[in-house]
Amino acid sequence: SLLSAARQRVEIANFVFSEQQLADALAGAYQLRPNMELLVLSDLGFAYRFYSELLDLWGVALRRDEQDAPRHVCTFEDANRPWSPALPQVNGRYVEGVTRQGAGVVVLAEGDKMHHKFAVVDADLALFGSHNWSVVANRQNDEYVVAIHDAATAEKFAGEFKRLLSTAYLGPS
């Protein structure tokens, strides 16, 4: 509900972003406010899997392969909903003051993982915790999310997002 209520800007940095409900909430906010700034970053290791919601934001769907789901090979994820229209395809680096929307991966040193789990909504709400934005985290793991309505706290998370964004590649590779 907090994502659906976004008005101006949403910044998300998540190790795994694979929960369809959250992608759908963002889609609703984006469709109501297509000029809203929306930037989503994920770890490279999860961005190009059939269940990644980055794919939805790009308007792309991948079929399961034998490694991912041997009994369901060549099928799409259940309830998959690629965005139409998709987020604008940046296909490159973030440009401050120019790039207002996009989804992509953080480029880190070899062996590093982007293990962040936070969002900043409209510069005054910070969402963070141990919770990966995934079905498993929602239904099986013992995870938490904290929502703090405070501009100073949100600003600290926005600073970390800006740092990650400076190394990111936006758009499908």
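**Asn14**

I looked up Asn14 and found it buried, because its relative accessibility is 0%. Buried means under 20% relative accessible area, exposed means over 50%, and partly exposed is in between (1.4 Å probe, protein chains only). Asn14 belongs to strand β1. I then listed its contacts, leaving aside neighbours within four places in sequence: Leu41, Ser42, Asp43, Met114, His116, Lys117, Phe118 and Trp133. Contact here means heavy atoms within 4.5 Å.

**Ground rules**

I am reading a predicted model, where local features need pLDDT of at least 70, side-chain atom pairs count only at pLDDT 80 or more, and totals for chains, interfaces and linings use all residues. Residues are numbered from 1 along each chain as its sequence is written, and side-chain values use heavy atoms, with hydrogens and water left out.

**The sheet**

I traced the strand order next. Seven strands form an open sheet in the order β6-β5-β4-β1-β2-β3-β7, and the pairing is mixed. The edge strands, each pairing on one side only, are β6 (145-149) and β7 (168-170). From one strand to the next, the twist averages 15°. Strands (E, at least two residues) and helices (H or I, at least four) are DSSP runs, numbered from the N terminus. Two strands pair if DSSP finds at least two bridges between them.

- β1 and β2 are parallel, with six bridges; Arg9 has Glu37 in β2 as its bridge partner.
- β2 and β3 also run parallel, joined by five bridges; Ser42 has Val105 in β3 as its bridge partner.
- β5 (residues 125-129) and β6 run antiparallel, with five bridges; Phe128 stands opposite Val146 in β6.

How much of β2 is covered? Five of its six residues are buried, so I noted the strand as mostly covered.

**Helices against the sheet**

I followed the chain from β1 through helix α1 (residues 20-32) to β2 and found a right-handed β-α-β unit. Right-handed means that, with the strands pointing away from the viewer, the path from the first strand over the helix to the second runs clockwise.

Helix α5 (residues 151-165) lies across β1 (9-14), β2 (37-42), β3 (101-106), β4 (117-121), β5, β6 and β7. Its angle to β4 is about 115°. Axes are lines fitted to C-alpha atoms, for helices over the stretch in contact, and angles run from 0 to 180 degrees between N-to-C directions.

**Aromatic pairs**

I searched the whole structure and got seven aromatic pairs. Rings of Phe, Tyr and Trp (its six-membered ring) pair if their centres lie within 6.5 Å; planes under 30 degrees apart are stacked, over 60 edge-to-face, and the rest tilted.

Phe118 and Phe157 have ring centres 5.2 Å apart and planes at 50°, so I logged the pair as tilted. Phe118 is in strand β4 and Phe157 in helix α5, so the pair ties together parts 39 residues apart in sequence. Phe118 is buried at 3% relative accessibility. Phe157 is partly exposed at 21%.

Phe128 and Phe157 have ring centres 4.8 Å apart and planes at 25°, so this pair is stacked. Phe128 in strand β5 and Phe157 in helix α5 are 29 residues apart. Phe128 is partly exposed, with a relative accessible area of 21%. I noted Phe118, Phe128 and Phe157 as a cluster linked by ring pairs.

**A charge over a ring**

Last, I looked up Arg49. Arg49 lies over the face of Phe46, 4.9 Å from the ring centre. The test asks for NZ of Lys or CZ of Arg within 6 Å of the ring centre and within 35 degrees of the ring normal.
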